[in-house]
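This briefing is for a reader meeting the structure for the first time. Please look over the sequence and the model below before reading on.

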Amino acid sequence: MTFEPAQAIRLAHETLDIEAAALSGLKARLNEGFSQAVRMMLDVRGRVVVMGMGKSGHIGRKIAATLASTGTPAMFVHPAEASHGDLGMIKVVDLVLAISNSGESEELTAILPVLKRLGVPLIAITGGITSTLARHADVTIDSTVDREACPLNLAPTASTTAQLALGDALAVALLDARGFRAEDFTRSHPGGALGRRLLTHVSDVMRRGEDLPRVGPSTAFTGLMREMSAKGLGASAVVNEAGTVLGIFTDGDLRRLVEKGVDLRAATAGEVMHPQPLTIREDALAAEAAALMELHRITSVLVVDAEGRLCGAVNSNDLMRAKVICTCGPFHPPCALR
């Protein structure tokens with residue numbers, strides 16, 4: 001056996017070309033059957049039960065997972081197991097989405113008469129548009145491909161890509177029809193980076209109370225420095241008696257004033273502050289605070305309520321501890337936002 005790098009790349013290019021052509025062919029053949037399938041899946045009172053054998057089964061599991069996470073209750077049932085008891089998991093209020101390239105998978109065709117007797121609606125994704133599966137189906141979505149990407153034209157490659165793409169197309173059409181929103185997506189994705197992006201709010205990570213550096217505009221510069229040192233944020237808010245944010249003073253502001261040779265001994269917080277600073281609401285997503293910091297290349301932002309009163313502050317370290325952004329640095333593209 002010899003490995004030829006150039007041959008590997010050539011085959012990779014050929015595979016992608018074949019599969020891209022297969023997807024283009026699907027687009028040209030989509031018709032009212034697809035929209036009818038979407039309508040049936042919208043109207044189902046139970047779950048969408050996805051079924052498929054072999055590689056189509058693996059694709060089916062993914063399609064079921066995508067449907068479930070985008071607002072369409074779904075599960076996968078293995079056709080072979082269905083013949084040995086799992087058919088009892090399918091109820092008359094459900095709908096079956098059956099996937100088979102040939103439409104003649106024995107384990108699948110064996111249970112089609114039973115599904116018909118139960119009165120369960122059947123949608124088929126198949127390349128065998130005159131197959132047993134297609135004849136039993138209420139709606140057939142054509143997944144025909146001209147050839148597999150496998151050089152032997154045997155291993156399911158382009159055909160499974162076509163099945164997967166059609167499953168994604170169904171899921172996207174369904175979530176749009178349902179008015180599915182990011183907030184809905186959150187409920188099924190509470191973990192990992194995606195969950196942190198969608199679930200963590202500024203109020204969950206911000207500093208508040210005694211940990212929040214704040215001074216009045218008449219505070220002497222030495223008092224401003226003591227407040228910043230004590231709270232360790234690298235900045236301090238400047239607020240009026242009502243708590244409304246007037247400005248902010250940061251370590252960066254101090255450095256710039258020193259470089260200019262400004263005499264700070266008699267200065268007040270109101271004189272050295274940066275007025276009308278960027279702020280964010282406490283009910284905003286922490287990911288929005290991360291994006292704001294990155295956009296303006298700042299490392300902290302003040303948090304205000306609806307009336308503009310100071311209620312917190314958050315910096316890049318707070319967001320890193322909450323794993324909302326990565327540990328590569330405050331201006332590195334946040335990993336949680338990718």
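This is a predicted model: local features need pLDDT of at least 70, side-chain atom pairs count only at pLDDT 80 or more; totals for chains, interfaces and linings use all residues.

Residues are numbered from 1 along each chain as its sequence is written, and side-chain values use heavy atoms, with hydrogens and water left out.

**α1 and α8**

- Helix α1 (residues 5-29) packs on helix α8 (residues 158-178) at an angle of about 45°, and their axes are 9 Å apart; helices here are DSSP runs (H or I, at least four residues) and strands are runs of E (at least two), numbered from the N terminus.
- The two helices, α1 and α8, are therefore oblique to each other, given that angles under 35 degrees count as roughly parallel, over 145 as roughly antiparallel, 65 to 115 as roughly perpendicular and the rest as oblique.
- The contact (heavy atoms within 4.5 Å) is made by Ile18, Glu19, Ala22, Leu23 and Leu26 of α1 together with Ala158, Thr161, Ala162, Ala165 and Leu166 of α8.
- By class, these residues divide into 8 nonpolar, 1 polar and 1 charged, where Ala, Val, Leu, Ile, Met, Phe, Trp, Tyr, Cys and Pro count as nonpolar, Asp, Glu, Lys and Arg as charged, and the others, Gly among them, as polar.

**α2 and α8**

- Helix α2 (residues 32-43) meets α8 at an angle of about 55°, with 10 Å between the axes, which makes α2 oblique to α8.
- On the α2 side the contact is made by Phe34, Ala37, Val38, Met41 and Leu42, and on the α8 side by Leu166, Ala169, Leu170, Ala173, Leu174, Ala177 and Arg178.
- This contact of α2 with α8 has 11 nonpolar residues, no polar ones and 1 charged.

**α3 and α8**

- Helix α3 (residues 54-69) packs on α8 at an angle of about 15°, with axes 10 Å apart, and α3 and α8 are therefore roughly parallel to each other.
- Residues of α3 in this contact include Lys55, Ile59 and Leu67, and those of α8 include Thr160, Asp168 and Leu174.
- The contact of α3 with α8 has 6 nonpolar, 5 polar and 3 charged residues.

**The largest pocket**

- The largest pocket has a volume of about 440 Å³.
- Of the 22 residues that line the largest pocket, Ile248, Thr250, Ile298, Thr299 and Ser300 are the closest to its centre.
- Two or more lining residues come from each of β8 (245-250), α13 (251-260), β11 (300-304) and α16 (316-321), and α13 gives the largest share, 4 residues.
- The lining of the largest pocket divides into 7 nonpolar, 11 polar and 4 charged residues.
- A pocket is defined on a 1 Å grid over the protein atoms alone, as an open set of points where a 1.4 Å probe fits, with protein on both sides within 12 Å along at least five of seven lines, and lining residues have an atom within 4 Å of a point.
- Grid points are joined across faces, edges and corners, and a volume is the space filled by probe spheres set on the points.

Terms used: Axes are lines fitted to C-alpha atoms, for helices over the stretch in contact, and angles run from 0 to 180 degrees between N-to-C directions.
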